[in-house]
Amino acid sequence: MTSVASQKQEKKLTVGFSDPRFGMTLAGRILIRIIRYVFYLTLIAATAIFLFQSDLRGFRYIGLLLCLFFADRLRHHGEADIPFIELPAEGAINLAKVVRPRTFSVLERAFDRSIITKEDFFLETARQLIGYPQIEEGLRRLDVSPEEFRQKLDGLLLESKNKDRGTAEYYRADAEALVVAAFKEALVAGHDFIELADLFAGLGKMQGEYIARIFNTFSIDAADLETALILSMAHQGILNRLPAVLGGFTTESHRYIKHRIMNRAWTSRPTPELDRYSTDYTDLAREGAAGFLVGHAAEYERMVETLARPINPNVILVGEAGIGKEAMMRHLAEHLANDKVPSALFDRRLVGLELQNLVAGAPPEELNARIRRIVEEVYMAGNIILYIPEIHNLVKTSGTAYLSAADALMPVIMNNTFPIIGSTYPKEFKQLVEPRSDFVGAFETIPVNEITIAEAEKLLSYESLILEKGTRITISFGAIKRAVLLAKRYFRNKFLPSSAEELLKSALIDAERRGEKMLGPDRVTAIAEAKTNIPLHEADGDEVQKLMHMEDIIHERLVDQEEAVKAVSQALREYRSGLTRQGGPIASFLFVGPTGVGKTELAKIIAGIQFGSEKMMARFDMTEYQDKQSFFRFIGSPDGQVKGALTDAVLEKPYCLVLLDEFEKAYPDILNLFLQVFDDGRLTDNLGRTVDFTNTIIIATSNAHSDIINESLSKGESMTDIAEYLKHRLTDVFKAELLNRFSKIIIFKNLEPAELDKIVRLNLGELSETVKHQGMVLEFDDSAVKKLVQLGYDPAFGARPLRRVIDEKLRAPLSEAILTKRLVRGGKVKLVLKGEDFDFISES
């Protein structure tokens with residue numbers, strides 16, 4: 001809620017803090033207080049005597065004047081000498097004029113006690129503040145116990161006592177530094193004066209050793225203090241600027257809102273046709289049905305400047321749903337209603353055209369007639385800013401036999417007859433609006449970006465006050481902060497603040513269902529985990545055991561490949577302990593080796609164990625992405641017509657394993673994409689959306705230099721023998737900078753006969769589990785296992801033929817035996833080898 005004026009004042013003003021009372025001795029300050037109290041008591045007594053005891057008219061007039069004086073004092077009771085808005089535009093000012101009396105009293109008491117006790121001034125100020133309800137409530141919102149805070153404060157005060165500490169001048173410097181910091185906090189919060197909450201928030205910006213220690217002890221972030229204190233001030237009924245609505249205009253009571261069409265110069269005209277198909281946002285703003293803007297300051301300022309210019313005063317806002325376009329309209333309506341706009345926009349009405357109602361049931365001729373009547377009314381009124389949400393729908397109304405609504409409006413737009421604001425989404429802008437160069441050229445295109453985390457936290461703090469009234473559940477600032485953080489990281493299908501708001505509301509509903517009175521961060525985390533299937537809590541219990549024995553769990557399904565198994569397991573342990581490198585994926589591996597040695601199988605196993613299911617693996621066969629067109633299929637086409645396979649998959653499942661089979665065969669531009677992905681953990685798609693890879697494991701497999709591998713294996717060499725040479729030769733296929741960005745490059749070993757035996761038994765175990773569902777127990781003869789090893793291995797394809805052999809030699813005849821009732825449910829079946837053929841013998 002920071003005003004532009006306040007920001008400009010802060011930049012131009014030289015601020016300081018000076019008050020005569022801080023230059024006096026303690027006895028002098030006490031004397032001044034006594035004199036002030038005596039003075040007011042004397043005035044009150046004189047007023048009573050003049051009004052009720054005196055018969056002289058003159059004295060009664062004096063008594064009336066004194067009554068007016070006291071009435072004015074009562075009206076401005078608790079206020080500083082001047083509000084911020086009356087500060088000079090430049091020059092030096094004394095901040096003592098804008099400090100509320102009770103805030104000043106806290107400073108004065110802390111100053112006096114610090115001089116007497118020689119204790120730290122900032123700690124003493126904190127102790128004076130902790131007794132106020134809004135400060136205690138603010139600490140509770142930060143999940144800090146006020147009692148524990150007070151106890152720690154008392155201990156540090158004793159520790160800070162220093163007999164050699166400076167004189168009153170020393171403490172005056174501390175007081176000035178604190179007031180200047182509080183002034184800046186008050187400007188950001190949009191206050192009129194320096195409040196108690198601003199003073200406490202200012203303590204978080206001080207560099208003192210002891211105040212920093214207590215804030216660090218309770219993990220209180222200085223940036224969070226002001227927002228948490230806003231919550232507490234509203235809870236205590238101190239803040240009186242809360243909006244009637246957040247997140248949109250209140251439209252339920254339009255018929256009760258007075259419709260004002262006339263400007264103050266009485267030159268505007270009624271607009272009955274426009275009123276039929278529109279909503280007057282300035283009417284809503286005057287009735288308090290519009291909220292305020294948090295963030296988007298640059299976009300809003302640019303929009304207002306464009307609307308105020310005489311040539312091409314048209315704007316098109318491009319941003320995703322829920323990103324803040326409607327909030328900018330609310331803010332503009334509120335500023336128009338209160339003349340907080342450039343003079344060129346004074347007395348303007350912001351009117352939103354409802355396109356669905358406009359085009360509903362209208363043939364082409366009638367639609368164009370409606371638009372002509374609306375344009376004529378807007379032109380005659382002379383005070384309309386026309387807002388067209390989802391302006392791309394104007395272009396979609398076009399047909400083969402008639403002009404579109406956009407064509408009907410083009411002459412008006414080009415003639416600068418009145419300002420027009422349109423809003424659209426990035427995809428629709430690319431597909432429908434941007435191709436119409438004549439149309440888009442008449443507008444100033446303003447991208448509306450996602451608000452920052454700090455801005456989202458502030459917005460949700462206000463939202464939480466409204467939610468608390470409806471649920472009677474207190475929402476801690478920790479819950480708000482966690483909702484914003486998790487939404488930003490894991491709910492990328494929507495943008496802040498919408499994503500965080502949905503998560504917070506879901507957590508609130510869950511807390512209400514459980515009968516909880518306080519919504520904390522743990523409940524928000526639990527809901528986020530349920531929605532994303534991502535482990536967000538600290539690893540404990542069974543999960544810790546699983547992580548510590550990850551290699552053993554993997555080896556239950558995968559034979560050997562120790563280096564790969566250890567590398568993947570260690571990466572997962574680092575991720576769950578919070579030690580993963582910031583800014584990249586959990587890990588990125590290049591698995592190199594001959595076909596059929598377990599590269600893809602290991603990826604499937606990891607997806608099932610850590611990510612919950614093999615469905616949480618986004619698998620791409622890179623042989624399908626070898627040309628320019630396939631590049632667009634991978635991340636989306638520039639015109640938005642084609643979705644990106646990779647980007648959409650990760651947006652949908654931000655916690656997943658990405659498998660890139662035969663990576664070396666991908667189009668070179670795709671390989672270059674992964675330089676950024678491996679480095680920063682992010683990728684921007686064709687619609688400008690940032691895709692987050694920081695919660696993914698990326699595994700690329702490669703059969704690069706398969707000729708070298710096959711030649712070596714045919715000579716009897718193992719993969720271990722040629723591993724280092726093969727790594728060196730990978731630069732023939734991949735750029736060195738790409739290879740260097742992988743977490744690890746792993747050469748998979750070729751399979752030995754003993755390992756093949758284990759693989760066969762693992763696959764037979766899977767078949768046995770399948771048969772168990774049919775009510776049978778399947779056992780295997782060793783001779784059958786050896787035959788399967790022989791049939792299922794090929795030097796060129798590893799163990800890959802094994803599944804085909806099992807399907808053809810075992811599954812097919814087994815299914816026939818079950819269907820023909822040769823094998824019955826509930827019995828024991830044994831796989832044996834008869835000559836060169838397999839057979840199933842019932843032993844029941």
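Buried means under 20% relative accessible area, exposed means over 50%, and partly exposed lies in between, using a 1.4 Å probe and protein chains only. Keep that in mind as we walk through this predicted model, where local features need pLDDT of at least 70, side-chain atom pairs count only at pLDDT 80 or more, and totals for chains, interfaces and linings use all residues. Residues are numbered from 1 along each chain as its sequence is written, and side-chain values use heavy atoms, leaving out hydrogens and water.

**Stop one: a ring pair.** Select Phe620 and Tyr625. Rings of Phe, Tyr and Trp (its six-membered ring) pair if their centres lie within 6.5 Å; planes under 30 degrees apart count as stacked, over 60 as edge-to-face and the rest as tilted. The structure holds 21 aromatic pairs. Here, Phe620 and Tyr625 sit edge-to-face, 6.5 Å centre to centre with 70° between the planes. Phe620 is buried at 7% relative accessible area, and Tyr625 is buried at 6%.

**Stop two: another pair.** Now select Phe663 and Phe674. Their ring centres are 5.6 Å apart and their planes are at 80°, so this pair is edge-to-face.

**Stop four: helix α32.** Select 668-680. Helices (H or I, at least four residues) and strands (E, at least two) are DSSP runs, numbered from the N terminus. The buried residues of α32 include Ile670, Leu671, Phe674 and Phe678. Just after α32, find Gly681, with a positive phi of about 70°.
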